[in-house]
Amino acid sequence: MPKDSQIIVSMMEDLGIVEYDQQVLNHFLEFNYRYTTQLLEDAKALSNSAEKKNVDADDVKLAIQMAQGGVFPGPPPRKVLTTAAIEVNKMPLPPQRHASQLRISHDSPNSVKTKYRLRYESVIFYFE
């Protein structure tokens, strides 16, 4: 088994993943290759723009920082989430019905209406 594959298998085992399809390993290897290649190409472009002869560690670090924003986006800031929650919570909830009444959305199709359609695999059943 190639060294890269052994490392990925070791990482999956550390995470408790013991059963997996061979294609999963292939996908991880492909992602690793594409991501690393893209990082090195970006580092080379940064080095060229700084008019350096060789790519150094600072170029690679900057390429990683730039890539993390696009490939692995982080969560939005807490302030943004709080502002959005305040805006959503300003809207009043619809009035509740009496507890004995059914709470069924009349906007969407469902099986409580007198006529409805049920799709199972490729067969459609009509009920009236």
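S5 is buried, at a relative accessible area of 5%; buried means under 20%, exposed over 50% and partly exposed in between, with a 1.4 Å probe and protein chains only. You'll find S5 in helix α1, residues 3–14. Leaving out residues up to four places away in sequence, S5 touches L25 and L29, where a contact means heavy atoms within 4.5 Å.

A word on what you're looking at: this is a predicted model, in which local features need pLDDT of at least 70 and side-chain atom pairs count only at pLDDT 80 or more, while totals for chains, interfaces and linings use all residues. Residues are numbered from 1 along each chain as its sequence is written, and side-chain values use heavy atoms, with hydrogens and water left out.

Now step back to the whole chain. It has four helices and two strands, and from the N terminus the order is α-α-α-α-β-β. These elements are DSSP runs numbered from the N terminus: helices are H or I with at least four residues, strands are E with at least two. Of the 128 residues, 11% are buried. If you take contacts between residues at least 6 apart in sequence, 20% of them join residues at least 24 apart. The accessible surface is about 11,700 Å², and carbon and sulfur atoms hold 58% of that; the areas come from the Shrake-Rupley method with a 1.4 Å probe, and for residues only the protein chains shown count as cover.

Next, helix α2. F28 sits in this helix, which covers residues 22–49, and is partly exposed at 41% relative accessible area. Together with L15, I17, Y20 and V24, F28 makes a nonpolar surface patch of about 450 Å². Patch residues have over 30% relative accessible area and no salt bridge, and nonpolar side chains (Val, Leu, Ile, Met, Phe, Trp, Tyr) are joined within 5 Å, like charges within 9 Å. A salt bridge puts a side-chain nitrogen of Lys or Arg within 4 Å of a carboxyl oxygen of Asp or Glu.

Helix α2 also holds F31 and Y35, four residues apart, or about one turn. The count of aromatic pairs comes to one: F31 and Y35 are stacked, 5.7 Å centre to centre with 10° between the planes. Rings of Phe, Tyr and Trp (its six-membered ring) pair if their centres lie within 6.5 Å; planes under 30 degrees apart are stacked, over 60 edge-to-face and the rest tilted. F31 is partly exposed, at 35%.

Last stop: E51, in the loop between α2 and α3 (57–71). Most residues other than glycine have a negative phi, but E51 has a positive one, near 60°. E51 is exposed, with 75% relative accessibility.
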